[in-house]
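I opened the model to look up its ring pairs, its helices and its surface. My entries follow in the order of the look-ups.

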Amino acid sequence: MEDEMIVALFFERSEHAIAELSSKYGKLAQGICMNILHNPSDAEECVNDSLYTAWNSIPPARPSSLKAYFVCVARNIALDRYRFNTSLKRNSYEDEPLDELQDCLSSGVTVEAECEARELSQAINSFL
């Protein structure tokens, strides 16, 4: 099913939208959450929380790229869960290298901006 049709189902408040979103991008979100958390049950819970967040946030908002939107929500929820899991343990031996890499890898460009630029260039190329 196309992303626009899934977003339309969200605007109709059809529960079928959750199933379609989960079947289309659920495994991708599960993989991203698993790479962050290294715990299958936490990763599955983060995907479910992402679906719930999408259900509550899409009707007022209309994402231009459903894939980028859903993956970003799942990643943020997984990062919040990671911070929660490691905050009481003070697991600093893993946090410090990640903080160092954040400065090196941060480009300042969001995933949504990259997707929009790619779609715009494809539209211009097809027009020309």
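I took rings of Phe, Tyr and Trp (for Trp the six-membered ring) as paired if their centres lie within 6.5 Å, with planes under 30 degrees apart called stacked, over 60 edge-to-face and the rest tilted. The model is predicted, so local features need pLDDT of at least 70 and side-chain atom pairs pLDDT 80 or more, while totals for chains, interfaces and linings use all residues. Residues are numbered from 1 along each chain as its sequence is written, and side-chain values use heavy atoms, without hydrogens and water.

Entry on aromatic pairs. I searched the whole structure and found one aromatic pair. Phe10 and Trp55 form this pair, which is tilted, at 6.0 Å centre to centre and 55 degrees between the planes. Phe10 is in helix 1 and Trp55 in helix 3, so the pair ties together parts 45 residues apart in sequence. I noted both Phe10 and Trp55 as buried (under 20% relative accessible area; exposed is over 50% and partly exposed in between, with a 1.4 Å probe and protein chains only).

Entry on the fold. I counted six helices and zero strands (DSSP runs numbered from the N terminus: H or I of at least four residues for helices, E of at least two for strands). Of the 128 residues in the chain, 31% count as buried. For contacts I used heavy atoms within 4.5 Å. Among contacts between residues at least 6 apart in sequence, 59% join residues at least 24 apart.

Entry on helix 3. How far apart are the end C-alpha atoms of helix 3? They are 25 Å apart, which agrees with the 26 Å that its 18 residues (40-57) should span at 1.5 Å a residue; the expected span is 1.5 Å times one less than the number of residues. The buried residues of helix 3 include Cys46, Val47, Ser50, Leu51 and Ala54. Their cover includes helix 1 (3-11), helix 2 (16-37) and helix 4 (66-87). I then checked Ser50, which counts as buried because its relative accessibility is 0%. Leaving out residues up to four places away in sequence, Ser50 touches Phe70, Val73, Ala74 and Ile77.

The chain exposes about 8,700 Å², of which carbon and sulfur atoms supply 55%; areas come from the Shrake-Rupley method with a 1.4 Å probe, and for residues only the protein chains shown count as cover. I also looked at Phe127, in helix 6 (residues 111-127). Phe127 is exposed, with a relative accessible area of 72%.
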